[in-house]
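Hello,

Here is the structure I promised to pass on. Below it you will find my notes on what turned up.

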Amino acid sequence: CETWKDSPKKDYAEEQHVLYRQFVKADPPQFDEAFPHWKNVFEIAPAADGERASHYADGIDIYRHKFNNETDEAKKKEYAAEIYKLYDQILECYPKEKDAYLAARVYDMFYVLRTPYNKLEEACKVAIETSGNNTPYSVFTPYASLVVYNFKKGTMEADAARDVYVKLNEIADDNILNHEDAAYRDLYEQAREAMNGTFAEIENDIFDCDFFKAKYEPEYRDSPEDFDLIKRIYNFLGQQGCADEDPLMVELKGKYDRLVTTANAEKL
């Protein structure tokens, strides 16, 4: 977490900072040109002036660029290791920004680095446990995807998969209702829909009658006289283990029988 404030190379470090930042902020960014200057200042002051995390964040961007444009697997592994190291350092030196960078690490591990799922799962758990309802929505799809994969492979129990589903949806719901930025409320809602679309692959195997009642009863209440809808929901809930004496099942069955009787009478 060294800064350039008390460094004898302070002037040189600031100069190199300005030079590499010009390349990084170019449109498009010129990461290859930025790298030598970034490396010079990073070796002196990885935490810059102690007020900004840019040296770590820009380093991640630079090494991500190198990783994406490299074909040699040994070098890709080397670049990935640098990215992991920079995330560790930024989380240590700028803990106030941990929510954003824990989520960014998950995102890079899933979409860029193709990290093995056992390591990705640990990173997801840390992000959720650390950030709680402040967890960025970018964690949702990676975590949902690994849960579905692990459950289908038999390496995750239904209870564990269900717990992740519930926790992620709690985070999404809280932000959809309470986030101060309306744009983010929309982004959380979109991310929740995408995440639950992923979970749909296994929901029949990890949830019980109560879950599906909560999911489908509002749809029934919105269209309580829709014969086809009632039939579909009644049959589906029965397949999910809902007992015939369950109050909602009794109501659906009674409504179904009444609609059938009415429809048959109209045919006479």
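**Loops and backbone**

Ala48 is buried, with a relative accessible area of 0% (buried means under 20% relative accessible area, exposed over 50% and partly exposed in between, using a 1.4 Å probe and protein chains only). Before going further, please note that this is a predicted model, in which local features need pLDDT of at least 70 and side-chain atom pairs count only at pLDDT 80 or more, while totals for chains, interfaces and linings use all residues. Residues are numbered from 1 along each chain as its sequence is written, and side-chain values use heavy atoms, with hydrogens and water left out.

Back to Ala48: this residue has a positive phi of about 55° although it is not a glycine, and its place is the loop between H2 and helix H3 (54–68). Helices here are DSSP runs (H or I, at least four residues), numbered from the N terminus. Arg114 also has a positive phi, near 55°, and is likewise a residue other than glycine. Arg114 sits in the loop between helix H5 (98–112) and helix H6 (117–131), and with a relative accessible area of 61% this residue is exposed. A further backbone feature is the cis peptide bond from Asp27 to Pro28, with omega near 0°; Pro28 belongs to the loop between helix H1 (10–24) and H2. For context, most residues other than glycine have a negative phi, and most peptide bonds are trans.

**Aromatic rings**

How many aromatic pairs are there? The count comes to 22, taking rings of Phe, Tyr and Trp (its six-membered ring) as paired if their centres lie within 6.5 Å, with planes under 30 degrees apart counted as stacked, over 60 as edge-to-face and the rest as tilted. Trp38 and Phe42 are a stacked pair, because their ring centres are 4.8 Å apart and their planes are at 25°. These two residues are 4 residues apart in helix H2 (residues 31–44), which means about one helical turn separates them. Both Trp38 and Phe42 are buried.

Phe212 and Phe236 make an edge-to-face pair, since their centres are 5.2 Å apart and their planes stand at 80°. With Phe212 in helix H11 (residues 209–222) and Phe236 in helix H12 (residues 227–239), the pair ties together parts that are 24 residues apart in sequence. Phe212 and Phe236 are buried as well.

Trp38 and Phe42 also belong to one aromatic cluster, together with Phe35, Tyr56, Tyr63, Tyr79 and Tyr94. Over the face of Phe35 lies Lys66, at 4.2 Å from the ring centre, and Lys76 lies over the face of Phe67, at 3.9 Å from the ring centre. The rule for a charge over a ring is NZ of Lys or CZ of Arg within 6 Å of the ring centre and within 35 degrees of the ring normal.

**Helix packing**

The axes of helix H7 (residues 140–153) and helix H9 (residues 182–199) come within 9 Å and cross at roughly 10°. H7 and H9 are therefore roughly parallel to each other (an angle under 35 degrees).

Asn175, in helix H8 (residues 158–178), counts as buried at 6% relative accessibility. Leaving aside residues up to four places away in sequence, Asn175 touches Asn133, Arg185 and Tyr188.

Happy browsing!

How values were computed:
Axes fitted to C-alpha atoms, helices over the stretch in contact; angles between N-to-C directions. Parallel < 35°, antiparallel > 145°, perpendicular 65-115°, else oblique. Contact = heavy atoms within 4.5 Å.
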